[in-house]
Structure formats: C-alpha cells, structure tokens
Amino acid sequence: MIALENVSKAFAAKAVLAPTSLAPSQGRTTVLLGPSGCGKSTLLRLMVGLIAPDSGRALFDGTEISPANVDTVRHRIGYVIQEGGLFPHLDGIGNVTLLAGYLGRDQGWIEGRVSALCALVRIPRELLQRYPHELSGGERQRVALMRALMLEPEVLLMDEPLAALDAITRRELQGELKELFAALAKTVVLVTHDLHEAAWFGDEIVLMRAGRIVQRGSLEDLLQRPAEPFVTQFVRAQRADPRLVAK
Amino acid sequence: MKPLLLGLCLACAASAGFAQQTLVVGSKRFTESYILGEIAAQTVRATGTNAEHRQGLGNTGIVFAALKSGSIDLYPDYTGTVARELLKSEASDLESLNRGLGPMGLGVAVPFGFDDTYALAMREDEAQRLGVQTITELAAQPQLRFGLSHEFLNRNDGWPGLARTYALPQAPRGLDHGLAYEALAGGQIDVMDIYSTDAKIAKYKLRVLRDDRHFFPDYGAVLVYRLDVPQRFPRAWAALQRLQGRINADAMVAMNAQAELGGQGFADVAAGFLARSDAASATGRGGFWSLMLGRDFWRLTGQQLLLVFASLAAAIAAGIPLGVWAARSRAAAQPILSGVGLIQTVPSLALLAFLIPLLGTIGTWPALVALFLYSLLPIVRNTHSGLTGIAPELRDSARALGLPAPARLRLIELPLAARSILAGIKTSAVINVGTATIAAFIGAGGYGERIATGLALNDNAMLLAGAVPAALMALLVHALFELLDRRLIPAGLRQASG
C-alpha cells in the first residue's frame, strides 16, 4: 500500500535521511525504532506527504504522491501524533467529524461511524462533548485515534502516540491498541524510541540510526543476529528497563 | 438710597420697554456673512431681546444703504471693505474707520478675531504648469481667463485697483461667486477671486496667489452698526461685545465648511458655535457635566462612532486578508508588515493634510481613510502573528487530515488565530477613538470638535468636554471587545489559555 523508494531528505543542507527504501507489509504492524533524530518521523511524514523527498519517490497504492493527489491520499491514511494533535477550538466530536463534515458525508453515516468508533476505542459518547483541554492524556489519544479512523483509512500512521502518557495509562493503551490493530488488520506504521513498545507492537521492527535503516526484522533478529554493533548497543541501553525483562 | 432704587426701577422699566423693539441684523450674500449675521442675531436673542436676521440682502452697497436708512441696525463686514468701499480711504484701523463713519451715525466694533482677505486663486496644476506663484506673475500670462465675482469686479479694493497696481492686461468677466469654483474646476476660467477663509480652497485644489505688492488691505471681520444701538439695546449690545475675539480663522473656515460642504443650515452652524462658546464661558455656572452632555453631545457621539467603526470595518475587511497573505508568503510578509508599520509613523495631522488634496474634500472622507490606514497595523500584525504562531503539530495535523488549504484556513487556522486577531481589532478600535478626535481639525466632527474649539479658545473645560467622552468611549469600546472575546472565541481556546 505504502512504499518509499530511495527517498532522501535534508533540512537546511543537513541530511536527515540517506536514500532509503521501505515498504511496510500490508495488514501488519511495522515499527520504526531508533534514538531521537534518527529520521524515523521523517519517514512517516514522507508517507503522508507532509514533506516531499529530495530524491526518490513516495508511493501510495502504486501512485507517486504529488501535490495534485496528496489530499485524496491523506483521506485514506490515518495519522496520529504524540499529543494527539487535536484542535483546541473544537470539542471531541468536532475534531472527530471535521473532515467527514467537510467532505459532505451523510449525517446518519457520520453518527453511525462515531458510535462504532466510541465502542472500538472504548470511550463514552458524552466525553466527546468536551474540549481537548478537558480530557486526560489517554482520552485525548483515544479521540485522536477516532479522528484518524473516521474515514476507514487503509493505513494508520502513529508517531510516538503513547510517549507523552503516564506509565499506567500507557500500559493500558498499549494493550488496547494491540488488540485494535489485530482486529482492524490495517497496515500500521508506528514510530517509537522505546524497544519494549517496538517489541510489543511490531510484526516487523525497523531499527534506524542517523538517517538510515540499520536492521529490519523481529525482536529475535535484533537480539540474536545484530547487523552491526549499534544494534546490541541500543538493545543493551534499553534492557535495563524492567518492563522488557518482564516480557 | 431711595432715589437710587427708584432710578434702578425706572431703568429696568425703560429697558423692558425697549426690549419690545426688534434689533435687525443684516448680512451680505455669501456663506460667511450669513453665518456671522446668524451668530449676531442668535446672540441678541439669547439676551431676551427680539432679533431679526435679514439674510443675504445683497452686496456691500445695498447692505450699507440699508444700515444708513435704519432698515437694519448692524451687519458683519470687513475693515478693508469699510475703508475702501464706504470711506474711500486707505486707513483700515478701527479708530480711523470710526472717525470716518461717526458723522453718518455709524460705527464699527466687535472685531471677531479673524481676517478674511481677498485673494486670487488658480487651479494648482495649471499654476504649477505656468509657474505662477504671485499676482505679479499673472501679468506675463495675458491668455489667462479671469472669472471674478461682480462685486470684486467693481470694488475699489477689487479688480480696478488690483489691475492698476499689478498692470494686469486680462479682461475679466463677471461670474457668480458660487459658480466660479465649478467653472474653474471645469477649465472654463483660469483665475478667480476667493476669500482666505474659503472652505473650498482644499476641495477644489486651488493655489492661492501671493499678494506680493500688498494690494489687499486687512479685512478683519467686524460689526458695522448704528451708533444708537448700544443705547437702544444695552443688554444685547453687551452680549454682542462678548463675541470680540471669539472666532479665529480656523473656526471660521470650519463653520464655512460645515455650511458649504457639510450641508448644515446657517442657523445650525451658528447655534453650534454659540453652544460651544456659551458652554465654554458657562462652565463656571452650569458645571462640567452639563457642558459635556450639552445639546451637541449626541450628534458628536454619532459622528465619533461613525468615524471609529466605519474605518474599523474597512480595516478588518482589508487587514485580515493582508495578514493572511503575509503569513502565507514569506516574500510578501516583509513588504506588507513594514508598509503598514510605515503608515503608523506618519503623524496624523500630516496624513490628514496629505489626504485632503488627494481626495479633493475635507471632512468625513479623508478622516475615514486616515483612520482606516492607522487601523491596519494592529489587525495585519496580529493576524500574521496569530497564524504564524499556530503550533507546527496542529498545522501538520490539519494537513495530514487531507483538508485543502482554503478549508484549513477557514476551519482551523483562522479560528486558532481568532483571539490574536480580535485583540488586534480591539487595539485598532481603542486607538481609533483617540485618533478620530484629530479628524475634527478637518471638519469631520466628533468629540474632537470640542477639543479643537477648546484649543482655539484656550478653554480647558471645553477641551475636557471633548477629551473625557473620548476617553470614556475608548473604555467602553475596550469593554465591548472583552465581551466579544467571550462570545466569539471558542470555549476550547479561552479556557486552554487561562
């Protein structure tokens, strides 16, 4: 569904992404993992056309993303960021239905979709009357997820969706999200800096460093068959995390 | 003691008897004379004396004849006119005039405080083309067509003397003064006679030619009166004398403009002036509040509100798109922001003075344009900063949703910037209330009218009667926008920021 072919990107003459190719497996969850500044968010932003590659091509459904088709492509992609990116001037329902309303979707269809999504992300309908600042961090991410899923996109892109949450909420949402990904069977690309989270979600883990992909594979591959010393180094640094030991 | 009381009673009875008589005021047939005549008549009436104003009796000769015959008791005229036209003399000081008029049972008194001298004027562009600045230079331009008022053509202190002094070769034709402006503007004539307090100099973009040989004498505005008036109407005469020095040239130009360009009746213009100066001299008695809430209060308030909000509406309509453009295009941002900033540095009086010839009119229009220009900066700047200040992740979220740019602007960016934009509009509105008072100097009305009068008369109470309501209006406007902020700004933005 999504394919990046030899894309590279530089900001202010500083290369943040060396020519890279990546095609996340359809219907599965791919996790982009790495320390901050490694280029993982840049890959995600290329996929949704928020930035254009300096070289190479970003494809969606076999077609190169261009200014002419980017909005249509985005309607088929759900995109969730760290704090949710909810619009503070709209209440929950306003955020969730903004695009559907703009596209003139039938009111009955919208209502049905909102009810279904409330059940899916386990949020009471009344909570959607609240403004983002009146919601807890976890609730905000649930509403943001509803907004991303509203138009039944084929792809879900999540950029550090749980990074800003407290440990308990984060644990809870990790569990729910994994179930949800399995139930939806959508192509999911999730960005995280956390090895544990990558292992938890990732059907495939893509480890990155300094603008290039270091290794692709399962957690097992990273642990047992590190492609270069950095992989072991990165794993060791996060091993101290008790959650990983617990797993 | 008793004889004194008796005498007082007799005097009262006598003056009561005389008060049944009517004091007749005359005036010549042009705006300023009408207004001065009306001011005199209303001043007399205010003392309880009957007064009649025989408006626009005709030219100097007719009005003077009416005065001599006793058909009228007094009329406004100018020292130079009295000297040359009536006394055939060059000396135009009050003493000489009274010496000359005394034998006829007449006198001059109550110099109002301004000069209205004759002058010649041309279209500014024509004068520039020919390089004519002085009357002397007219002699070298025999092809110029002169259109002069009939009175000027025939007066000793008009064309005959002027043509002699400057050796002017042109053959002027007589033209009604009121029509001469249009004839000049339309190119049918090239030179006309005007008065220095003429309200239309700016409107028609005229160049007043310098009287480099000082042909025109002083034309101080005075009352010409029958010498028996002070005895017959003592109270009225005392009141009239208080008009001395009360009208300066600016005040007269403003009144002429109110009548000729603002379409106000002469009686209203005079009443407005008297209300201001009465109020000014009555502050001790009536108190500041009655001065402030005087009868012109609502008219001035209406004018002030019109100036503030009409210009503000235009500034919103232009400023928000400019701010959006500046936020969208880095190339456009710098010119737009420095452009509106530059306007702000132009002093308001200079801007008004610049706009008058540009728009060809005084009064409300140039004031509105100036206020509009001043209002732009806060609105443009706050729209720009409101939009550029939107958090990048919100901007990205909006784009990632797949909303096209116009929809993002309407549904997300403008609402997110609304608070900043509204704050800019509020700043503009409050500043406008203050700046609008300066518009009175070009006849746009509003509270500034009182401030201008107060400055002209050196009357602090009058000045405050304009400044205090302006300050109160600024506070009210501020409060109104606080209310609007609560009404218009989405709850999510308000509470989120405190």
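Visitor: Which residue is the bridge partner of A:Leu32 in S8(A)?
Guide: In this predicted model, A:Leu32 has A:Val191 of S8(A) as its bridge partner. The two strands concerned are S3 (residues 29-33) of chain A and S8(A), which pair in the parallel sense over 5 bridges.

Visitor: What about S7 and S8(A), how many bridges are there?
Guide: Strand S7 (residues 155-159) of chain A and S8(A) are paired over 5 bridges, in the parallel sense. Within this pairing, A:Leu157 stands opposite A:Val189.

Visitor: What do S7(A), helix H6 and S8(A) make?
Guide: Together with helix H6 (residues 167-184) of chain A, S7(A) and S8(A) make a β-α-β unit, and this unit is right-handed.

Visitor: Is S8(A) mostly covered or mostly open?
Guide: Strand S8 (residues 187-192) of chain A is mostly covered, since 6 of its 6 residues are buried.

Visitor: And which way do the residues of S8(A) point?
Guide: A:Thr187, A:Val189 and A:Val191 point one way, whereas A:Val188, A:Leu190 and A:Thr192 point the other way. The general rule is that side chains in a regular strand alternate between the two faces of the sheet.

Visitor: Back to A:Leu157. What does it touch?
Guide: Leaving out residues up to four places away in sequence, A:Leu157 touches A:Leu44, A:Met47, A:Val48, A:Ile77, A:Gly78, A:Tyr79 and A:Val189.

Visitor: Which residues touch the most other members of the largest nonpolar core?
Guide: They are A:Met47, A:Leu157 and B:Val224, in a core of 200 residues. Helix H19 (residues 364-388) of chain B gives the largest share of this core, with 12 residues. Another core, of 5 residues, lies apart from it, and includes B:Leu291, B:Met292, B:Met462 and B:Ala465.

Visitor: What happens just after H1(A)?
Guide: There A:Gly49 takes a positive phi of about 75°.

Visitor: How many helices and strands does chain A have overall?
Guide: Chain A has 10 helices and 10 strands. Of its 247 residues, 43% count as buried. Among the contacts in chain A with a separation of 6 or more, 69% are between residues 24 or more positions apart.

Visitor: New topic. How many residues of chain B are in contact with chain A?
Guide: On the side of chain B there are 21 residues, in contact with 20 residues of chain A. The elements of chain B that give two or more residues to this side are helix H20 (392-401), helix H21 (405-436) and helix H24 (491-496). The largest share, 7 residues, comes from H20(B).

Visitor: How do the residues on that side of chain B divide into nonpolar, polar and charged?
Guide: On the side of chain B that touches chain A, 14 residues are nonpolar, 4 are polar and 3 are charged.

Visitor: How do S5 and S8 of chain B run?
Guide: Strand S5 (residues 118-123) and strand S8 (residues 191-195) of chain B run antiparallel and are joined by 5 bridges. One of the residue pairs is B:Tyr118 with B:Tyr195 as its bridge partner in S8(B).

Key:
Residues numbered from 1 in each chain as written. Chains lettered and ligands numbered in written order. Predicted model: local features only at pLDDT ≥ 70, side-chain atom pairs only at ≥ 80, totals over all residues. Core = buried A, V, L, I, M, F, W, Y, C linked by C-beta atoms within 7 Å. Buried ≥ 20, exposed ≤ 12 C-beta atoms within 10 Å, placed from the backbone. Helix = DSSP H or I, 4+ residues; strand = E, 2+ residues; numbered from the N terminus. Contact = placed C-beta atoms within 7 Å. Pairing = 2+ DSSP bridges. Right-handed = clockwise from strand over helix to strand, strands pointing away. Nonpolar A, V, L, I, M, F, W, Y, C, P; charged D, E, K, R; others polar.
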